[in-house]
Amino acid sequence: MNNSNYSFQNPNNQRAFKMGFRDGIPIGLGYFAVAFSLGVAVKDAGLSWFQGFIASWLCTTSTGEYAVFSLMAAGTTMLEIALVTLIINARYLLMSCAMSQRIDPEMPFWHRFLIAFHLTDELFGITIARPGTLNPYYSYGAFIPAVPGWALGTALGTVVGTILPLWLTSALSVALYGMFLAVFIPPARQNKVVAALIALCFAISYASRHLPLICDLSDGMRIILLTVVLSSAAALLFPRKEEVDAP
Amino acid sequence: MNWVYIAVMAIVTYAVRVLPMTLIKKPIRNRFIRSFLYYVPYVTLSIMTFPAIVQATGYPLAGALALVVGIVVAWLGANLFTVAVSCCGVVLITEWIMHLL
């Protein structure tokens, strides 16, 4: 086998690239709207629109960025940022593992470094949903509308966010939480353990804001503590069966 | 300092995404780690969503309604964009009505 299978001259790869681009458009539009409210968090953290733009382009992680910007607004340390980023983005470890199992051994290794760069929930979803081995050009095609949508939305939200009237800012601020719901509610429908776990998390998250000691922790540390404890408990009590695909 | 924080976030985020794909050539066998990683996103995201969504809006009732509608719409299988826009719409309408009262 030669490397021409992974050349962009190959019509199959050009077709995959176009399909990726097409599938990336709705994701890009969604990102653009959702990133607007992330821009408000950028502003609150005391960052410029350009810093928000670069951060979003490099990280493309709504939850991770949102948590870090919140930490920066409240005052934080590098260790706390690294830990929160690690914990909140821990799901990408699993996605990256799942992706690694779908890579053709013949694929030139450097593609792995590029595919991994924008491994978001949504891009992972559309990529892993395709049959057979991964085509890196599909991912690249999807990045083109999706990633700028996220970065530009963040930048624009940073600039325009505070100019917007309060009622509009209030409405846009829930877009991000709506996106979180879109990520974790559908699996709850298929998995009763996940559904019960989410309900428990809501209750404990609410209670933790009033419990002694825990309520004194920073938001980031509280998220880390609750995530590690609750996920470990769930993993011990309800270990996953082998070969069950992560949604 | 802000650029340093952004760099830390970017490096850790990329490391998390690229390391398994480049280092692990075989599937993870440890059942606890697999299970733990499986549950992490649900736990983290739900902790971050509630009660924060209720506190994000001008009126707590608007955020609470957005939560309920968002859960229903997501449950019915709507995509990310639709769920996000539905939540925004609920807050817009609720706060408009509250303002009239």
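Modeller: The model is a predicted one. H10(A) passes H4(B) in a right-handed crossing.

Biologist: How is the packing of two helices described in general?

Modeller: The description rests on the angle between the two axes and on the distance between them. Here, the axes of helix H10 (residues 175-190) of chain A and H4(B) come within 8 Å and cross at roughly 50 degrees. That angle makes H10(A) oblique to H4(B), because it belongs to neither the roughly parallel class, under 35 degrees, nor the roughly perpendicular class, 65 to 115.

Biologist: Which residues of H10(A) and H4(B) make the contact?

Modeller: H10(A) contributes Tyr177(A), Gly178(A), Leu181(A), Ala182(A), Ile185(A), Pro186(A) and Arg189(A). From H4(B) come Gly70(B), Ile71(B), Ala74(B) and Trp75(B). By class, the residues of this contact are eight nonpolar, two polar and one charged.

Biologist: How many residues does each chain give to the contact between chain A and chain B?

Modeller: Chain B gives 62 residues and chain A gives 79 residues. On the side of chain B that touches chain A, at least two residues come from each of helix H1 (2-23), helix H2 (31-49), helix H3 (52-56), helix H4 (60-75) and helix H5 (80-100). The largest share is that of H2(B), with 18 residues. This side of chain B divides into 44 nonpolar, 14 polar and four charged residues.

Biologist: Which elements make up chain B?

Modeller: Chain B contains five helices and zero strands, and from the N terminus its elements follow the order α-α-α-α-α. Of the 101 residues in chain B, 51% are buried. Among its contacts between residues at least 6 apart in sequence, 41% join residues at least 24 apart.

Biologist: Where in chain B is there a cis peptide bond?

Modeller: The cis bond joins Phe50(B) and Pro51(B), with omega at about 5 degrees. Pro51(B) is placed in the loop between H2 and H3 of chain B.

Biologist: Let us turn to a pair of helices within chain A. At what angle do H3(A) and H4(A) cross?

Modeller: The axes of helix H3 (residues 62-74) and helix H4 (residues 78-88) of chain A cross at roughly 155 degrees and come within 9 Å. H3(A) is therefore roughly antiparallel to H4(A), since angles over 145 degrees fall in that class. Their crossing is right-handed.

Biologist: Which residues meet where H3(A) and H4(A) are in contact?

Modeller: Thr63(A), Gly64(A), Ala67(A), Val68(A) and Leu71(A) of H3(A) meet Glu80(A), Ile81(A), Val84(A), Thr85(A) and Ile88(A) of H4(A). The residues of this contact divide into six nonpolar, three polar and one charged.

Biologist: What is the value of phi at Thr60(A), and is this residue buried or exposed?

Modeller: Phi of Thr60(A) is near 35 degrees, a positive value in a residue other than glycine. Thr60(A) lies in the loop between helix H2 (49-59) and H3 of chain A. Thr60(A) is buried, because 28 other C-beta atoms lie within 10 Å, and burial requires 20 or more.

Biologist: And is Leu213(A) buried or exposed?

Modeller: Leu213(A) counts as exposed, because it has 7 C-beta neighbours inside 10 Å, and the cut-off for exposure is 12 or fewer. Phi of Leu213(A) is near 70 degrees, a positive value in a residue other than glycine. Leu213(A) is placed in the loop between helix H11 (192-208) and helix H12 (219-237) of chain A.

Technical notes:
Residues are numbered from 1 along each chain as its sequence is written. Chains are lettered from A and ligands numbered from 1 in the order in which they are written. This is a predicted model: local features need pLDDT of at least 70, side-chain atom pairs count only at pLDDT 80 or more; totals for chains, interfaces and linings use all residues. Two residues are in contact if their C-beta atoms, placed from the backbone, lie within 7 Å. Helices (H or I, at least four residues) and strands (E, at least two) are DSSP runs, numbered from the N terminus. Ala, Val, Leu, Ile, Met, Phe, Trp, Tyr, Cys and Pro count as nonpolar, Asp, Glu, Lys and Arg as charged, and the others, Gly among them, as polar. Axes are lines fitted to C-alpha atoms, for helices over the stretch in contact, and angles run from 0 to 180 degrees between N-to-C directions. A crossing is left-handed if the near helix is turned anticlockwise from the far one by less than a right angle, and right-handed if clockwise.
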